[in-house]
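Load the model in your viewer and keep the selection panel at hand. The stops below are meant to be taken in order.

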Amino acid sequence: MTDTNEVGHIVERVVTQVLQGHLSQIREELVRRVLEELPPSGMDSGAHETTGGTGPAELLRGVAAIHAGGTQKEILRALLDNVAQHCGRTALFVIKGGAATGWQGRGFDDNDAVKDFGLDTSRGLPERVLQEKAAFSGQILDMDPRFVDHFGSPADDHIVMLPLLLKDKVAALLYADCGLDKNRLDTASVELLVVSTSAWLELVSLRKQAPREAVPYAESVPSPPAMQAAASFSDPFAGHTPRHSAAATAYEAPVASEPAHAEVVSAAAAAAGVDLGSAVGRQGAALSEEDADVHRKAQRFARLLVDEIKLYNQAKVLEGRKNKDLYDRLKEDIDKSRATFKKRYGNTVAASVDYLQAEVVRSLAEDDISVMGANFRR
């Protein structure tokens, strides 16, 4: 039976490649769907709207700028830059271990002072947004008094706060007010930008997770089951360690207990049609847990590479099998995958077994090496 994790990796890979070919359409559809889903007021019944907001074209340019970000930090900076076009002041507060700390701000007299500012989320608007995972508006009195003392009140005392959601978890809180201009707060536009950013960050996370060959081996090892749900997206604030919470301890993942002997690797290799006897003989009667895991990952990676070749060359595969010249038809793809596999596992213990070669024969040639043709390396 196909390994569940393997199937998940294949699905992620295929979805990623499809998405990459339709990014412009996705952007347009995302904006349209968000606009449809937002209620007329964009927030609760107490929401405040400006009388002179920017038009749809300006808003669309803002969303496009967010989607143009090459990294998660660039996306978040673009979010703040474009939210600032629809309000007087805005700030992003990172949620770590239940605490909210300033990341960056726009429109304040001292934007740098926002960085590492510890926001009290135990009461008022921050608490409500954090608990209900929804955007709300209120008065400046609903804000942390320390924040008000430090940065001052907006001209009309009205504020909004929105959650930046990633996989239904609040990763950050976005604050916005009108600043010194009573007409400088367009809550609907701010909310659309935040919702669009949340959706785009999840998509970017999926795209980054799928191409496993671009990730160092240590980073490609699947997380223990208990952590998979929590770590299913890349944390855009992973490197953000506020000074006032530097003493916070990091979460240590439990170590999964797995068989560590050569039998595990032998079974994995047998599934790919590889005789591991000589390889194990060279490495000793039994492999360490770490070495056995490298062999398992190498075999899985080989399967992913070959599955990708099959997916995008179905006609060539059928014709190659029929005419027994499969390698000639797929030479460029096979050689490229071979180079990718060697680059990643050529200097590991798994190099003693040619998993890529075995998988090509097993999957592409259906265990009939003769269909690969005379030019295929035996």
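**Ground rules**

This is a predicted model, in which local features need pLDDT of at least 70 and side-chain atom pairs count only at pLDDT 80 or more, while totals for chains, interfaces and linings use all residues. Residues are numbered from 1 along each chain as its sequence is written, and side-chain values use heavy atoms, with hydrogens and water left out.

**Whole chain**

Show the chain as a cartoon: there are 15 helices and six strands. Helices (H or I, at least four residues) and strands (E, at least two) are DSSP runs, numbered from the N terminus. Of the 378 residues, 46% count as buried; buried means under 20% relative accessible area, exposed over 50%, and partly exposed in between, with a 1.4 Å probe and protein chains only. A contact is a case of heavy atoms within 4.5 Å. Among contacts between residues at least 6 apart in sequence, 71% join residues at least 24 apart.

**The sheet**

Select the six strands of the open sheet and follow the order β3-β2-β1-β6-β5-β4, with antiparallel pairing. Two strands pair if DSSP finds at least two bridges between them. At the edges are β3 (118-119) and β4 (136-139), each pairing on one side only.

Next select β5 (residues 158-166) and β6 (residues 169-177), an antiparallel pair with eight bridges. Leu-165 stands opposite Val-170 in β6, and Pro-163 stands opposite Leu-173 in β6. The hairpin of β5 and β6 has two residues between the strands, and Lys-167 there takes a positive phi near 55 degrees.

Thr-90 has Ala-176 in β6 as its bridge partner. Eight of the nine residues of β6 are buried, so the strand is largely enclosed by the rest of the structure.

**Helices on the sheet**

Select α4 (residues 72-83), which lies across β1, β2 (99-106), β5 and β6 and runs at about 65 degrees to β2. Axes are lines fitted to C-alpha atoms, for helices over the stretch in contact, and angles run from 0 to 180 degrees between N-to-C directions. Helix α5 (residues 124-132) also packs on the sheet, where it touches β1, β3, β4, β5 and β6, and its direction makes about 30 degrees with that of β5.

**Aromatic rings**

Show Phe, Tyr and Trp side chains. How many aromatic pairs does a search of the whole structure find? The search finds eleven. Rings (for Trp, the six-membered one) pair if their centres lie within 6.5 Å; planes under 30 degrees apart count as stacked, over 60 as edge-to-face and the rest as tilted.

Zoom to Phe-93 and Phe-147, an edge-to-face pair with 6.1 Å centre to centre and 70 degrees between the planes. Phe-93 is in strand β1 (residues 89-96) and Phe-147 in helix α6 (residues 145-151), so the pair ties together parts that are 54 residues apart in sequence. Both Phe-93 and Phe-147 are buried.

Move to Phe-301 and Tyr-345, a tilted pair at 5.8 Å centre to centre and 55 degrees between the planes. This pair links helix α12 (residues 289-312), which holds Phe-301, to helix α14 (residues 326-345), which holds Tyr-345, 44 residues apart. Phe-301 and Tyr-345 are both buried. A charge sits over a ring if NZ of Lys or CZ of Arg is within 6 Å of the ring centre and within 35 degrees of the ring normal. Arg-128 gives another case, with its charged end over the ring of Phe-136, 3.8 Å from its centre.

Then select Phe-93, Phe-108, Phe-117, Phe-147, Phe-151 and Tyr-175 together; they form one aromatic cluster.

**Cysteines**

A search of the whole structure finds zero disulfides, a disulfide being a pair of cysteine sulfur atoms within 2.5 Å. Cys-87 is buried at a relative accessible area of 0%, and Cys-178 counts as buried at 1%.

**Last stop**

Select helix α15 (residues 355-364), where nine of the ten residues are buried. Among them are Tyr-355, Gln-357, Glu-359 and Ser-363. Glu-366 follows α15 and has a positive phi, near 55 degrees.
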